[in-house]
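This report describes the fold of one protein chain, part by part. Please look at the sequence and the structure before reading on.

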Amino acid sequence: MSSTSTRTRCRAPPAGTTLRFQVALAPRDPQALADFVSAVSTPGSPQYQQYLTAGTFGARFGATPATIDAVSAALRSRGLSVGAAAANGLSIPVTATVAQASAALHTSFKQYRLRSGRSGLANTTAPQLPASIAAQVQGFVGLNQLTHATAQYSGSEGLGTAATTLSSA
């Protein structure tokens with residue numbers, strides 16, 4: 001959030017509050033992924049609009065099974081409930097209480113109320129991970145519940161471009 005005037009810190013959330021979030025994993029070969037994205041997006045390329053299924057994408061560009069296993073094991077060892085990785089190999093779902101997530105990620109949470117009346121939790125410091133897995137993790141999605149992605153479309157004649165923005169409404 002860009003301005004603290006749009007939110008009011010209410011209180012520390014109850015320790016037993018359930019959090020559901022995703023751990024975003026680094027792709028196994030970022031340059032090959034960038035090249036592929038360019039190829040499927042460039043008219044005239046033999047790969048233009050030749051998209052992959054989630055499973056094929058995961059096998060080609062997602063984190064390796066060994067990486068997924070290592071990150072999952074490290075999260076479990078810190079008391080978090082870890083689900084199966086996404087088919088694309090780029091995210092792992094996690095469920096934890098506020099207390100578990102705070103201890104496991106060395107952060108704390110506060111509950112905020114937005115000017116719109118909506119409330120949500122947000123971590124107050126950046127999460128920390130063991131050095132053994134930190135390089136394989138790109139970030140977390142869902143620890144901060146105050147922002148959400150909103151697709152916006154523009155264009156003419158039913159054709160448009162999509163942009164995703166973060167909103168705190």
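In this predicted model, the buried residues of helix H4 are covered by elements that include S2, S4, strand S5 (109-114), strand S6 (119-123) and S7. The buried residues in H4 are Val98, Ala101, Ser102, Ala104 and Leu105. H4 spans residues 98-105 and lies across S2, strand S4 (91-97) and S7. Relative to S4, helix H4 runs at about 120°. After H4 comes His106, which has a positive phi, near 50°.

**The sheet**

Which strands form the sheet, and in what order? Four strands make an open sheet in the order S3-S4-S2-S7, and their pairing is antiparallel. Strand S3 (81-82) and strand S7 (137-141) each have a single partner strand, so they stand at the edges and one side of each has no neighbour in the sheet. In general, the strands of a sheet are paired through backbone hydrogen bonds, in a parallel or an antiparallel way. Strand S2 (residues 18-25) pairs with S7 in the antiparallel sense, over four bridges. One of the residues bridged to S7 is Val23, whose partner there is Phe140.

| Strand | Residues |
|---|---|
| S2 | 18-25 |
| S3 | 81-82 |
| S4 | 91-97 |
| S5 | 109-114 |
| S6 | 119-123 |
| S7 | 137-141 |

**A pair of helices**

Two packed helices are described by the distance between their axes and by the angle between those axes. For helix H1 (residues 30-41) and helix H2 (residues 54-61), the axes come within 10 Å and cross at roughly 140°. Angles over 145 degrees would count as roughly antiparallel, so H1 is oblique to H2. Which residues meet where H1 and H2 touch? On the H1 side they are Ala32, Leu33 and Phe36, and on the H2 side Phe57, Arg60 and Phe61. Of the residues in this contact, five are nonpolar, none is polar and one is charged.

**The whole chain**

The secondary structure of the chain consists of five helices and nine strands. Along the sequence, these elements follow the pattern β-β-α-α-α-β-β-α-β-β-α-β-β-β. The chain has 169 residues, and 30% of them count as buried.

How values were computed. Residues numbered from 1 in each chain as written. Predicted model: local features only at pLDDT ≥ 70, side-chain atom pairs only at ≥ 80, totals over all residues. Heavy atoms only, no water. Pairing = 2+ DSSP bridges. Helix = DSSP H or I, 4+ residues; strand = E, 2+ residues; numbered from the N terminus. Contact = heavy atoms within 4.5 Å. Axes fitted to C-alpha atoms, helices over the stretch in contact; angles between N-to-C directions. Parallel < 35°, antiparallel > 145°, perpendicular 65-115°, else oblique. Nonpolar A, V, L, I, M, F, W, Y, C, P; charged D, E, K, R; others polar. Buried < 20%, exposed > 50% of the residue type's maximum accessible area, 1.4 Å probe, protein only.
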